[in-house]
Amino acid sequence: MTAQTDGRPAAATASAALYAEVQQFYARHMHLLDRGDADAWAAGFTEDASFSVPTLPAPVIGREGLAAAVRKSAAALAEAGEQHRHWPGVFDVVPQADGTIVVHSYTTVFASPRGGASRVHRVCTCTDVLVREAGTLLVKHREVGRDDLR
């Protein structure tokens, strides 16, 4: 018997296979982001996805907008001589009755200036709604929060 301590029934918790699939999704997703592979990273979202972050006045909508934002960020980091690495974890994977999957997680972003010491750049919370299209997990909606802006 599995004890539930958060009030959710056992059926609402992720199976080990789903949890592992979600972890693999985020590992690849963040590697693509940190490499600056904008189009491949944006392909991890639905065509009409929304991405909300507190430093932008409005959500970024759609793959094209997401890819453009990553290209801009990658260029700025290259110009500054800095590499960012996103370290996601502490996944709370919650399957929904409609087939979507809500994932709450934390992401620590490390910044490494060329020739300098690495440091924690920011700590974020992330809530994603994942969907399956043709058997592949994709982000339908992402909301990022930053601890330093709360």
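Mentor: The structure has zero disulfides. A disulfide is a pair of cysteine sulfur atoms within 2.5 Å. This is a predicted model, where local features need pLDDT of at least 70 and side-chain atom pairs count only at pLDDT 80 or more, while totals for chains, interfaces and linings use all residues. Residues are numbered from 1 along each chain as its sequence is written, and side-chain values use heavy atoms, with hydrogens and water left out.

Start with Cys-124. Cys-126 is in no disulfide, and the sulfur of Cys-124 is the nearest cysteine sulfur to its own. Is Cys-124 buried or exposed? Cys-124 is buried, at 6% relative accessibility. Cys-126 is buried too, with a relative accessible area of 8%. Here is the scale: buried means under 20% relative accessible area, exposed over 50%, and partly exposed in between (1.4 Å probe, protein chains only).

Now the charged pairs. A salt bridge is a side-chain nitrogen of Lys or Arg within 4 Å of a carboxyl oxygen of Asp or Glu. By this rule there are eight salt bridges. Take three of them.

One joins Arg-35 to Asp-37, at 3.6 Å from N to O. Arg-35 is exposed, at 55% relative accessible area. Asp-37 is partly exposed, at 30%.

Another joins Arg-71 to Asp-39, at 3.1 Å from N to O. Arg-71 sits in helix H3 (residues 62-80) and Asp-39 in helix H2 (residues 38-42), so this pair ties together parts that are 32 residues apart in sequence. Helices (H or I, at least four residues) and strands (E, at least two) are DSSP runs, numbered from the N terminus. Arg-71 is partly exposed, with 39% relative accessibility.

One more joins Glu-47 to Arg-63, whose closest N and O atoms are 2.7 Å apart. Glu-47 lies in strand S1 (residues 45-52) and Arg-63 in helix H3, so the pair ties together parts that are 16 residues apart in sequence. Glu-47 counts as exposed, at 55%.

Helix H3 also matters for reading the largest pocket: H3 gives the most to its lining, with eight residues. The volume is about 1,100 Å³. A pocket is found on a 1 Å grid over the protein atoms alone, as an open set of points where a 1.4 Å probe fits, with protein on both sides within 12 Å along at least five of seven lines; lining residues have an atom within 4 Å of a point. Grid points are joined across faces, edges and corners, and a volume is the space filled by probe spheres set on the points.

Which residues are closest to the centre of the largest pocket? Of the 37 lining residues, they are Leu-33, Ala-69, Ser-73, His-86 and Arg-122. Among the elements that supply at least two lining residues each are helix H1 (16-35), strand S3 (82-95) and strand S5 (119-133). The lining divides into 18 nonpolar, 11 polar and eight charged residues.

Leu-149 is in the segment after S6. Leu-149 is partly exposed, at 46%. Leu-149 touches Pro-54 and Thr-55, leaving aside residues up to four places away in sequence. Contact means heavy atoms within 4.5 Å. Leu-149 and Ala-67 are 82 residues apart in sequence and 25 Å apart in space, C-alpha to C-alpha.

Technical notes: Nonpolar A, V, L, I, M, F, W, Y, C, P; charged D, E, K, R; others polar.
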